[in-house]
Amino acid sequence: MKQSQRILVIEDNETNLELMVYLLRSFNYGVITTGNGAQGLEIARREVPDLIICDVHLPEVDGFEVAKQLKTSAKLKNVPLIAVTAMAMVGDREKVLNAGFDYYVSKPIIPEGFIQEVGSIMQIGRRDR
Ligand code: MN
């Protein structure tokens, strides 16, 4: 695992955020965090991370808007974007993918599955559209 790989995590639920940060740092990823969608966009533009993991329900700017802004940015559209959300209803997966997210991970976070997913996405990169 390359130490230089940096992941931005945008999540306002502290328990989920702490778990994801703990797991990612355990696997030597560099992690940047915020609990706010507007700040997430600012950080993304400034840092251009290797991967962005984003909750859907967020204060100020929600995950759908974050996805839309990221995917219409020439600088950021190729950064793989994962939605992390408790929405588990049939059709929600399509809804987040249609909003611009490349991948979807549902809450609650299952540690092994989460880390495997992140690792493979880091290798695959953005989903081709
Ligand atoms: Mn939330």
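Predicted model: local features only at pLDDT ≥ 70, side-chain atom pairs only at ≥ 80, totals over all residues.
A residue counts as exposed when its relative accessible area is over 50%, as buried when that area is under 20%, and as partly exposed in between. Asp12, at 39%, is partly exposed.

Both residues belong to the manganese site. The manganese ion is coordinated by OD of Asp12, OD of Asp55 and O of His57, at 2.0 to 2.2 Å. Along the sequence, these donor residues follow the spacing D-x42-D-x1-H. Asp12 and His57 lie 45 residues apart, and the pair links distant parts of the chain. Asp12 sits in the loop between strand 1 (6–10) and helix 1 (14–26), while His57 is found in the loop between strand 3 (51–55) and helix 3 (63–71).

In general, two packed helices are described by the angle between their axes and the distance between the axes. For helix 1 and helix 5 (residues 111–124), the axes come within 10 Å and cross at roughly 60°. The two helices are therefore oblique to each other. The crossing of helix 1 past helix 5 is right-handed. On the side of helix 1, the contact is made by Met20, Leu23 and Leu24; helix 5 contributes Pro111, Phe114, Ile115 and Val118. By class, this contact has 7 nonpolar residues, with no polar and no charged ones.

Notes: Residues numbered from 1 in each chain as written. Heavy atoms only, no water. Donors = N, O, S within 2.8 Å, 3.2 Å for Na, K, Ca; no water. Helix = DSSP H or I, 4+ residues; strand = E, 2+ residues; numbered from the N terminus. Buried < 20%, exposed > 50% of the residue type's maximum accessible area, 1.4 Å probe, protein only. Axes fitted to C-alpha atoms, helices over the stretch in contact; angles between N-to-C directions. Parallel < 35°, antiparallel > 145°, perpendicular 65-115°, else oblique. Left-handed = near helix turned anticlockwise from the far one by under 90°. Contact = heavy atoms within 4.5 Å. Nonpolar A, V, L, I, M, F, W, Y, C, P; charged D, E, K, R; others polar.
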